[in-house]
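This briefing goes through a few local features of one protein chain, grouped by topic. Please keep the sequence and the 3D view open while reading.

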Amino acid sequence: MTKAQTVLRFIGGVNKDRIGGNCSVVEHTDEQGQTSRVMFDLGSMFTPFESGFVAAYPNVDEYFDRLDPKTGEFYKALKPIDALYITHAHEDHIGALVNYVKMGYILPPLKASGFTRNFIRLAFKKEGLPIPEIEKLKAGDNRLINGNMTVEAVDVSHSIIDSLGFHVLTFVNDKPYAAVMNNGDFLTEEEMPVGRSFNKAAYLDVFQRKQAPLTVLCLDSTSTLPHGKDRIGFEKAVQNTLEVINRSPERSLIVSPVISRSIQNMAIDIEVARAMHTKIALDGKWLQTVKEAMDLSGYKDFDDVIYKGSLKGYMNDKSISKKYIVCTGAFAQGLENYEFNRGIDDTTPIPLAAATKMALDLHPYVHVDKNMLVLARQRIIDEINGRTGPKMLQMLAAQGAKVVISPYSRDIGGFEQVQMQDSGHVNAKALAELLESMKGVAQNMIVVPIHGNPEQCENTKTLAETTGVKCFMASNLENLEIGNGKISVIAPKATPVTWFAVKSVMPGIQDERDIPPAGISEYWEVTENYQPIRKITEAENVVPSKSVDKTSYKYKYEDEEDLPRFEKMPKRRLIRSNSKGRNNNYGHGR
């Protein structure tokens, strides 16, 4: 007789020293021997520059079929995935998708929210790849997998819009056996400026309706530092940003480097610009893609503030006296790669974020001088940009720019530090409150920390245990059996953990210095320390066209029924009114 069991496997996201590569699998075998597998997220890991690889991805060799693009040889997956659910469209959760297709892997059926769906499809189109079928989900949508597992979508909040969590419930003899909740990256604290926010009542209702002998709660651990700062909220972030700008009235050009898909943070810039009665220009390919995905998803919140023309036209537009550029480059992408390769071959094209181009004086339209104010609102994250971020900001300051940064653990060039945005991840206080509420709903609950370095995961463990909730620490590629009301490690992997990683080979001269560059992407299997094991394949990159296709979102070769749907969103101004009905412009003087 087949042993019924539910197994949770972490393929990435609980790394020993890096952030990213988020991926997990829930595998369930019922009493009849029928096995179902669902995967959650498939993202990039931020690799150290000295590794020579620009990103690494979870090794899913045993889960995906593959048709080798060079030899035509077909490889059948040993543990095929029934569906791949995507929580949100940040690179560390979706970044492997395009690259796995380039390697010849065949993706399982994809399921995601409307915005996430549209963004992924645009990313594939811009890479010149066939656009994948993606089922659009909303909160409350429940899918039955092979008769022995259900997956229900749940609204969660994050710095990107349309984020979803997923609740998995497995069955044996038609009775609930085990539950796993994957929140992705999430926060719970306040109403978000764009799209839907965390609904605590609806969240708890899922657990109330779907009781199981054991519920495993996979928790985002990025910001669970004990005694960490309370969130300031959207309106206070707008106010603080405006005050920074008003203290430097002589600075006529404001530059705000952002994480391109963190729309809730970009909304701060939009609202500040509204209060200043100016227009914002978006600089960077991924920001343009985000705006296109928002349009396709029915989010029109920013239309009245975004400049409709080119950046060159914006900079030359004399009717806009106070210019405001929201650009890519929160993590100073490309800086170290450029500085390392410049001494070897200064003609090799290096993909650079917009703010990095400004710091290197390579931007075609923006010159750094004493008229520039840089709002470095995104906090520096040591594992990602602990070296490049401070260096880029110091380079900007050396050319005359005034730089104001979000609070950081160490001083950087004597820059003024002002909190101008919140983290997109739940903090310790809010998470403790949520766990307290859940204790009265879920019969038997165990927390598993994910999405954080070991110290951050330990913080989540301490927090859970302080609130009286059991915690189980896991690592990548451990197999956790969930059943009979307990969780345990079974059949730990005997072979070392490996990753797939990409290396950019960029011969020749190319004027366009943006992602993707000309040349070839080499894909390698590597060790945890990024030592090459074997070369898997290589793929030519698509050089982006300088011409803009105004109807690029209309995938003419798809069936009409599969086109992205516009979701009607209520039009609302983000600035609230005070009790006397006057617009609160946070003291902006004109």
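At 5% relative accessibility, Asp162 counts as buried, a class that means under 20% relative accessible area, with over 50% called exposed and the range in between partly exposed (1.4 Å probe, protein chains only). The model is predicted, so that local features need pLDDT of at least 70 and side-chain atom pairs count only at pLDDT 80 or more, while totals for chains, interfaces and linings use all residues. Residues are numbered from 1 along each chain as its sequence is written, and side-chain values use heavy atoms, with hydrogens and water left out.

**Positive phi in loops**

- Asp162 has a phi near 60 degrees, which is a positive value in a residue other than glycine, and its place is in the loop between strand 12 (149-155) and strand 13 (164-172); strands here are DSSP runs of E with at least two residues, helices are runs of H or I with at least four, and both are numbered from the N terminus.
- Tyr530 also has a positive phi, near 70 degrees, in a residue other than glycine, and Tyr530 sits in the loop between strand 27 (520-527) and strand 28 (532-540).
- With a relative accessible area of 7%, Tyr530 is buried.

**Helix 13 and its two partners**

- Two packed helices are described by the angle between their axes and the distance between the axes.
- The axes of helix 13 (residues 428-439) and helix 14 (residues 454-466) come within 10 Å and cross at roughly 40 degrees, where axes are lines fitted to C-alpha atoms, for helices over the stretch in contact, and angles run from 0 to 180 degrees between N-to-C directions.
- That angle makes helix 13 oblique to helix 14, because angles under 35 degrees count as roughly parallel, over 145 as roughly antiparallel, 65 to 115 as roughly perpendicular and the rest as oblique.
- On the helix 13 side, Ala428, Leu431, Ala432 and Leu435 make the contact (heavy atoms within 4.5 Å), and on the helix 14 side Thr460, Leu463 and Ala464 do so.
- By class, this contact of helix 13 with helix 14 has 6 nonpolar, 1 polar and no charged residues, with Ala, Val, Leu, Ile, Met, Phe, Trp, Tyr, Cys and Pro counted as nonpolar, Asp, Glu, Lys and Arg as charged, and the others, Gly among them, as polar.
- Helix 4 (residues 200-209) packs with helix 13 at an angle of about 40 degrees, their axes being 10 Å apart, and helix 4 and helix 13 are therefore oblique to each other.
- Lys200, Tyr203, Leu204 and Phe207 of helix 4 meet Glu433, Leu434, Ser437 and Met438 of helix 13 in this contact, whose residues divide into 5 nonpolar, 1 polar and 2 charged.

**Surroundings of Ala376**

- Ala376 lies in strand 19 (residues 372-376) and is buried, with a relative accessible area of 9%.
- Not counting residues up to four places away in sequence, Ala376 touches Leu393, Val404, Ile405, Ser406 and Met420.
- Although Ala376 and Leu393 are 17 residues apart along the chain, their C-alpha atoms are separated by 8.2 Å.

**Cysteines**

- A search of the whole structure finds 0 disulfides, a disulfide being a pair of cysteine sulfur atoms within 2.5 Å.
- Cys457 is in no disulfide, and the nearest cysteine sulfur to it, that of Cys471, is 8.7 Å away.
- Cys457 counts as buried at 6% relative accessibility, and Cys471 is buried with a relative accessible area of 16%.
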